[in-house]
Each structure stands twice: as C-alpha cells, then as structure tokens.
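Dear colleague,

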Amino acid sequence: MSSPIHEPSATDSATPDQKTTSRSALRFNLTIALLVWTVWLVFGGRLAIHHLFADWKVALTMVFGSLVGGGTSEGGGAIAFPIFTKLLHIAPYDARNFSLAIQSVGMGAASLSILYLRIPIERRALFYAGISGVLGVVLGAYFVAPLIPPVIVRTSFTVLVSSLGVALLIVNREKIVLRNERMPIFGTREKSVLIAAGFVGGVISALVGTGENTVIFMVMVLLFRISEKIVTPTTVILMTMVTIPGFLLHVFLLRDFTPMVMGYWLAAVPVVAVGAPLGALICSHMKRHAIVLLLLFLIVLEFFSTLLLVPMSRPVLWASLATLVVCGSIDWAMSRATRYRPGSLQPARYARESEV
C-alpha cells in the first residue's frame with residue numbers, strides 16, 4: 001500500500017539528516033567521477049587529453065547535456081543529438097552513436113547515484129520495459145535504422161520530444177494534480193503495456209540515440225498517473241539499460257563507431273562523469289512543477305530550432321506533422337483513461353500533489 005507524496009514547502013530549511021545525505025551523495029558522486037577519470041586517463045592517455053582540448057565544443061555541449069540527462073526524462077542525447085546535427089553539422093548516424101556511447105557513461109553514473117541515494121523509482125517497470133527495450137534497440141539497429149534517411153532521423157527526434165511536450169501539457173492542465181507514487185494495478189495488462197512501450201522506445205533509441213526514457217515517461221505519467229518525481233529517475237535507469245548494449249553493439253558487431261566519434265566520446269567522458277550524477281542530485285530536490293517547466297523549455301527550443309535550422313522538403317514536413325498528430329492523439333487517449341486515475345482508487349493508494 002502506497003503512502004502520499006508530499007513536497008516540502010519552499011520555505012522549509014534542510015534538516016541535519018538532509019544535509020548529511022547531501023554531503024554523502026556528493027562524496028559518492030566524486031568517487032564515481034574519480035574512478036571514471038582514472039580509467040579514461042589510463043586507457044586514453046595522451047589521445048584522451050588531446051581530444052578534450054581539440055573537441056572542446058563537444059565537451060561544452062555535454063556540460064549541459066549531462067545535467068539534463070542525469071536529471072530529466074529526455075536524456076543527454078536530447079541535447080547532444082540536435083546540437084551535433086544542427087549546429088556542428090555532424091551526420092545523424094554519428095550523432096546517434098555518440099549519444100548511445102556517452103549516455104552509457106553519463107546515465108550509468110547517474111543511475112548509480114540514484115540507487116545510492118535511494119531516490120524512489122518504479123522498480124517493476126525496469127524489468128519489463130528494460131528487457132524489451134534492449135531487444136528493441138538491437139532489432140532497430142539491424143533492421144530499421146539502415147532504412148531511414150538522415151533527414152527523417154533528424155525530424156523524428158523532434159517529433160518524439162514534441163510528443164513529450166504534448167503529454168506534459170495534457171497532464172498538467174489542472175492546478176491540482178493527483179498522482180500515484182507507484183503503479184496502482186500491476187497485472188498482465190500493465191506488464192504488456194510496459195513491454196510494448198519499452199520495445200518501441202528501444203527502436204527509437206536505435207534511430208536517434210535516445211527515446212526509451214521518453215516513451216516510458218509518457219506511458220507512466222499519462223496512463224498510469226505516476227508522479228514525475230518517481231518516473232524521471234526510473235527512466236534514467238531504463239535509458240542506461242538500453243544505451244550500454246546499444247553502444248557495445250555498434251562497437252563490436254556493427255563496427256560503425258568511427259575514430260571521429262571515438263574522439264568526441266573521449267572529449268565528453270570526463271565531463272559527463274560529473275554532470276550526470278550532479279543532475280540527478282539537483283533534480284531530486286526540485287519541485288515537480290519545476291521539472292515540468294524545464295522539460296517544456298527544452299522541448300520548445302528543440303521544436304523551433306528544427307524549423308529554423310533543418311532544411312526539410314514539403315513531404316518530410318507533412319509526414320512529421322502527421323506523426324506528431326498521431327503521437328499527440330495517443331497521448332490524449334492515454335490521458336483520458338480512467339483505470340489508473342488516483343481519484344478512482346482507494347484513498348490510501350494515491351498521492352495528492354499541489355502545484356507550487
């Protein structure tokens with residue numbers, strides 16, 4: 001039986017236990033960073049240091065990307081992919097491989113921080129959506145990605161995050177929002193939904209380097225009505241589960257992890273080792289409403305940057321708009337489902353949150 005989620009008032013001061021936990025978290029994150037830096041320097045040597053300075057634009061991009069990836073449901077690839085393809089003019093396939101590679105480090109470190117801090121997550125979703133997500137990223141890399149033109153890959157990412165924006169607007173249209181702190185019903189139907197969503201998210205991740213986290217976020221928030229503060233760290237761990245095998249797949253089996261992408265990866269590794277766990281720590285202390293506003297800002301930025309910077313033919317534009325309408329319709333349908341609404345469940349099985 002779940003207990004209500006209460007967000008502390010903005011005027012509340014940190015308790016001694018909270019301060020001790022924060023110091024312990026910082027020490028743990030520093031330990032992770034030092035370990036990653038050591039491995040990076042031992043195996044990368046002079047080459048790693050060279051790329052850190054030569055590819056400083058990549059490292060700077062991932063300062064912001066790692067904070068976003070560790071603390072939100074978008075993932076570091078949500079920053080890396082659009083900047084790489086639009087501003088740095090890197091091929092979408094290379095940007096995708098980089099996103100998978102760098103998230104395996106950054107979101108892996110953030111996941112360890114989340115587990116160490118015992119930040120609340122929906123553990124059952126990790127099993128069912130995680131396994132199907134790995135299958136999706138493997139099959140997507142072999143059978144779907146080779147068939148999709150680069151311009152479609154670029155715009156599909158925008159459609160994906162725009163769908164997330166639609167979902168957030170739908171679910172936050174009321175001032176008083178009821179949320180479950182975990183899945184209130186967990187039977188065959190719910191397991192099937194998680195498996196299907198995880199697989200679709202894995203296929204999308206095979207295309208753009210991120211997506212598992214976004215798809216699961218929409219399903220868990222819109223359909224299952226779980227708090228964003230629970231879903232966000234859950235999706236960080238799920239994305240880690242997908243990116244690591246996706247990264248290894250491109251390195252050892254597909255063998256399309258080019259020396260150029262390797263250089264970008266070496267430049268970004270020491271940055272994300274700090275930024276991603278720090279992002280997870282920061283967002284664990286943020287209000288739910290603040291997390292939503294941050295995500296909406298990033299989504300709006302992505303949408304308009306695509307319109308301004310990506311040359312698209314009329315067929316591609318119409319296809320993108322049609323896809324957005326379809327995804328938005330699915331989001332709307334999930335938001336209208338009443339099976340998991342907290343108000344229709346027993347009072348002790350839902351949480352009430354007020355906007356602040």
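Glutamate 190 and arginine 339 join their side chains in a salt bridge, 3.1 Å from N to O (a side-chain nitrogen of Lys or Arg within 4 Å of a carboxyl oxygen of Asp or Glu). Because glutamate 190 lies in helix α7 and arginine 339 in the loop between α12 (314-336) and β2 (351-354), the pair ties together parts 149 residues apart in sequence. Helices (H or I, at least four residues) and strands (E, at least two) are DSSP runs, numbered from the N terminus.

This is a predicted model, in which local features need pLDDT of at least 70 and side-chain atom pairs pLDDT 80 or more, while totals for chains, interfaces and linings use all residues. Residues are numbered from 1 along each chain as its sequence is written, and side-chain values use heavy atoms, without hydrogens and water.

Glutamate 190 is buried at 1% relative accessibility, whereas arginine 339 is partly exposed at 36% (buried: under 20% relative accessible area; exposed: over 50%; partly exposed: in between; 1.4 Å probe, protein chains only).

The structure holds four salt bridges. Another of them pairs arginine 96 with aspartate 256, with the closest N and O atoms 3.7 Å apart. Arginine 96 lies in helix α4 (residues 92-117) and aspartate 256 in the loop between α9 and α10 (259-284), so this pair ties together parts 160 residues apart in sequence. Arginine 96 is buried at 5% relative accessibility; aspartate 256 is partly exposed at 25%.

Phenylalanine 143, in helix α5, is exposed at 59% relative accessibility.

Yours sincerely
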